[in-house]
Amino acid sequence: MTSTTVAALLLGSCAVWDAAKTKVENIQELPAVEVIGLGVNEPCAVDRSGARRLSGAYLRTVAGSLGGMTFAVTGKANKPSTAPLPRNMAIDDRVLRSLGADDEGQLTGWRQSVAAPIAALNTRTTLPLAYNLSYRAAGTDYTGPLVVGIPPLQDNVPLLGQASHSGAVAITYTTVGDDGSTAISTAIGSFTMLVGYGSGRATFRAGDFTVTDGAALPFARLRWTRLGLCGARLVSSGQGVASLYDADERRVPTLGPNADPTAGVLLFDASQFAASDTTDAPSDVGGVFAIQGDATSLTGVFLSRPPP
């Protein structure tokens, strides 16, 4: 069952769904407004039995192509559950089983799956951790960043108050020229994330970027507001708004110069993590995101750092 079908059922009738969809499309067609990520909220499915399993987010891209899709990740942990290696992971159409590691910490598993640790983000030796995961399914090679850890029980996610997290973020910015050529820049930066448990909303900010490969970035800071709290997950929820700024705090076109805002795609999927399966409250946060236009692509992966 697709997310659209589920949403329609929850709204009660196709007529209500069609009306909501038409309203969104009408707003998106306004030429004077850059609408990023506006859409009908999808149902929030909360798994109360997930604390002793793995959860996370994966930004999956067909190898050699631009853009991608985010997927929620589930799996089973090795024992002890804080060990840095998951045992099995389920990502959409494929279960990656019997994962192991070489001397450098690189994961290997079934179906030609391999996951390389992201050193700039992994400042701990226990979950949660970040990887660049590649695997094959139905003859297609996929790749992209993955963050995985142990989620807290839904009953242990606070209902009031706020939490602030900070850590490292790794981004890739790609532009496509008129002749089809691509230019790719990678960078490492820092992020802060404020989670409002009472409001059910979160804000993500990233900056202090240092380019590790390619040309200078056309922006200095990223801000993502109105992220939705879905149990232990943090998602764009159809209403998130992403904005880019230069070093002088001036807005930079989110989808690139002269881009069609209605052709943009905004994806954000993150999880709150517990230190172990016996820890009550969330202590970390990590995830993936993508801002995709018709000529630009900004993707990222982030993970909080433990306090000193």
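Begin by selecting D284 and R124, which form a salt bridge whose closest N and O atoms are 2.8 Å apart. D284 belongs to strand β18, whereas R124 sits in the loop between β7 (113-117) and β8, so this pair ties together parts that are 160 residues apart in sequence. Colour the two by accessibility and both D284 and R124 come out as buried. Keep in mind throughout that this is a predicted model, and that a search of the whole structure finds five salt bridges.

Next, select D246, D248 and R250, which are linked in a network of salt bridges. Between D246 and R250 the closest N and O atoms are 2.9 Å apart, while the side chains of R250 and D248 meet at 3.3 Å, N to O. Which of these residues are exposed, and which is buried? R250 and D248 are both exposed, but D246, at 16% relative accessibility, counts as buried because the cut-off for that class is under 20%.

From there, move to Y245 and show its ring together with two arginines. The charged end of R221 sits over this ring, 4.5 Å from its centre, and the charged end of R251 also sits over the ring of Y245, at 5.8 Å from the centre.

Now turn to the aromatic residues, and select F191, F204, W224, F268, F289 and F302, which form one aromatic cluster. In the model as a whole the count comes to twelve aromatic pairs. Look at F191 and F204: their ring centres are 5.5 Å apart and their planes meet at 20°, so the pair is stacked, the limit for that label being under 30 degrees. F191 lies in strand β11 (residues 182-196) and F204 in strand β12 (residues 201-213), so the pair joins parts that are 13 residues apart in sequence. F191 is buried, with a relative accessible area of 2%, and F204, at 0% relative accessibility, counts as buried as well.

F302, like F204, is buried.

What surrounds W224, leaving aside its neighbours within four places in sequence? W224 is in contact with residues that include T203, F204, V241, A242, L267, F268, F289 and I291.

In soluble globular proteins, nonpolar side chains tend to be buried together.

End the tour at Y135, whose place is in strand β8 (residues 129-137). At 1% relative accessibility, Y135 counts as buried.

Terms used. Residues numbered from 1 in each chain as written. Predicted model: local features only at pLDDT ≥ 70, side-chain atom pairs only at ≥ 80, totals over all residues. Heavy atoms only, no water. Phe/Tyr/Trp six-rings, centres within 6.5 Å; stacked < 30°, edge-to-face > 60°. Helix = DSSP H or I, 4+ residues; strand = E, 2+ residues; numbered from the N terminus. Buried < 20%, exposed > 50% of the residue type's maximum accessible area, 1.4 Å probe, protein only. Lys NZ or Arg CZ within 6 Å of the ring centre and 35° of its normal. Contact = heavy atoms within 4.5 Å. Salt bridge = Lys/Arg side-chain N within 4 Å of Asp/Glu carboxyl O.
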